[in-house]
Amino acid sequence: MSLAEAHQLDNSGIKFLNQPIKADSETDVIYMMCPMHLLTLDDKVKEIRKGQVLSILTDYDGALEDIPEWCSKTGNEFLGIYEDSDHYKFFIRKAKES
Amino acid sequence: MKKIYLDHVATNPLHPEVLDAMMPYFRDDYGNPLSLYGPGFKAREAIEHARESSASLINAKAKEIIFTASGAESNNFALKGIAYALQSKGKHIIVSKVEHHSILNSARFLEKQGFVVTYLPVDNYGLVDPEAVRKAITGETILISIIHASPEIGTIQPIGEISRIAREKGVLLHTDSVAAAGNIPVDVQALNVDLMTFAAHQFYGPKGAAALYVKEGTRIVPLIYGGIQEGGRRAGTENVPAIVGMGKAAEITKRDLQKRIEHIRPLRDNIISSTLKIDKVILTGHPEQRLPGHASFVVEYIEGEAMLLMLAAKGIYSASGSACSSKALKSSPVLISIGVPVHLAQGSVVFTLGEGTTSEDITYFNETFPQVISRLREISPYSKGWDETEAPTCTAKK
């Protein structure tokens, strides 16, 4: 399945995935509150190469808005969110070398 | 009058190098570590250096260290943080009956929240049987917490053996290493534990600085939410001088630990052999598998408090065991758990040595303690034997 096929938009415009994407790196901030999801994301994106995919696991609802917005501000590609049993997995592709 | 401090398990003086390292962060380098300018950067750098040093003492990675304000906080954090993080997997926790109150009371709190806790018994030396741990594990078990070394009886638990069972069963293991870390070599890799509590004032660092080691990749629910301090896992502006002091104390301890052990062990052995010559005095805890500076006894026919007071009057400072026994005049749950009769548990006394203890101190102690016992027995109503009266026991879980 292509990424395009995997994507579906819900009513709020949030890009949900039917299944997770294979990530090159994964980080877990479950039980951490704002702004740890953004600070960790910023750190971890620096550790991967351009074109690689980072997955960030969080149970913080505010991330649903924050992470796509962070991607848009930083020029990284937001690939979507996979909703697991008790947390979200966000997928981000690094768009440029930092 | 001589002043001989034999209560190093209660706390320790600051090492002079530790105080020197801390001082600038009270006065000149007072910046908030989160501030985005020079003094803030300096404080941040100092904390991260202390994190490296503290991690190094227990062979952990710096990012696995969360600074807290006390061993009690770290123990609460470990139990509650893991219980809440894993409650969807199961609600069963295993602890021993000889844990510190910060573990036992956290466990009792969690019971009120719907968790089920098994309180494992110990043998007459205070040792947990690893096979009893194995038998207690169920499909619902999410956490085991066993104290590394007892501050009250000195016994060192077989944490490595327990961790092998925990690993085999896929259950997380926490150890309260407050009395052990800084007094014996502690290696989280060798012990294979997932969480470990340790506190700076046990190894000549300041009070108010402690840490919880959390193995990389372990999810834990914070006790204190707020800012981004400690990676969002423990909010609140950091106690920079205390953390710096903990780091410095860890560095010194790593350097001097073997020397300290070689210094205090023979002095401790001297106390034990001399004290056991007194009639009706029993060593509590394991005779060999115990902290190197730790000597603990129960003395028949007299009360621990009376011994402490008379020893203090002669310049020797010691303890009678747990705060429960000394403040609430109740029998120690640890002594009751190792099978000490209630009446005998009242005669508990604990001597713990440190790097400043000298052979002259021990000579003075060995002369003085028998005199104290002899004098108190002369005036003891029990000196002809125990009557049926028994003191109330602490509310240790069955």
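Does Tyr31(A) belong with the buried or the exposed residues, and how many C-beta neighbours lie inside 10 Å of it? Tyr31(A) counts as buried, because it has 20 C-beta neighbours inside 10 Å. Here a residue is called buried if 20 or more other C-beta atoms lie within 10 Å of its own, exposed if 12 or fewer, and partly exposed in between, with C-beta atoms placed from the backbone.

Before we go on, a word about the model. This is a predicted model, in which local features need pLDDT of at least 70 and side-chain atom pairs count only at pLDDT 80 or more, while totals for chains, interfaces and linings use all residues. Residues are numbered from 1 along each chain as its sequence is written, and chains are lettered from A and ligands numbered from 1 in the order in which they are written.

Let us begin with chain A. Of its 98 residues, 27% are buried. Chain A has three helices and six strands, and from the N terminus on their order is α-β-β-β-α-β-α-β-β. Helices (H or I, at least four residues) and strands (E, at least two) are DSSP runs, numbered from the N terminus. How do parts of the chain that are separated in sequence meet? Among the contacts in chain A with a separation of 6 or more, 62% come from residues 24 or more positions apart. Two residues are in contact if their C-beta atoms, placed from the backbone, lie within 7 Å.

Now return to Tyr31(A), which sits in the loop between strand 3 and helix 2 of chain A. Its phi is positive, about 75°, although Tyr31(A) is not a glycine. Pro35(A) is also placed in the loop between strand 3 (25-28) and helix 2 (36-47) of chain A. A cis peptide bond, with omega of about 5°, joins Pro35(A) to Cys34(A).

Chain A also touches chain B, through nine residues from chain A and ten residues from chain B. On the chain A side there are seven nonpolar, no polar and two charged residues. In this grouping, Ala, Val, Leu, Ile, Met, Phe, Trp, Tyr, Cys and Pro count as nonpolar, Asp, Glu, Lys and Arg as charged, and the others, Gly among them, as polar.

Chain B comes next. Its domain assignment gives domain 1 (4-10 + 257-379) and domain 2 (16-253); such bounds come from an automatic or database domain assignment. The centres of the two domains, taken over C-alpha atoms, are separated by 27 Å. Where they meet, 21 residues of domain 1 of chain B are in contact with 21 residues of domain 2 of chain B. On the domain 1 side, strand 10 (294-299) and helix 11 (333-337) of chain B are the elements that give two or more residues. Helix 11 of chain B supplies the largest share of that side, three residues. By class, the domain 1 side divides into eight nonpolar, twelve polar and one charged.

How do helices pack in chain B? Two packed helices are described by the angle between their axes and the distance between the axes. Helix 3 (residues 71-86) and helix 4 (residues 101-112) of chain B pack at an angle of about 30°, with their axes 9 Å apart. Axes are lines fitted to C-alpha atoms, for helices over the stretch in contact, and angles run from 0 to 180 degrees between N-to-C directions. Helix 3 and helix 4 of chain B are therefore roughly parallel to each other (angles under 35 degrees count as roughly parallel, over 145 as roughly antiparallel, 65 to 115 as roughly perpendicular and the rest as oblique). Among the residues that make this contact are Leu79(B) of helix 3 and Ile103(B) of helix 4 of chain B. The contact has six nonpolar, five polar and one charged residues.

Another pair is helix 2 and helix 8 (residues 240-275) of chain B, whose axes come within 8 Å and cross at roughly 35°. The residues of their contact divide into ten nonpolar, six polar and two charged.

Finally, visit two loops of chain B. Asn59(B) lies between helix 2 (38-57) and strand 2 (65-68) of chain B, and its phi is near 60°, a positive value in a residue other than glycine. Lys207(B) is in the loop between strand 7 (195-199) and strand 8 (210-214) of chain B. Lys207(B) is partly exposed, because 15 other C-beta atoms lie within 10 Å.
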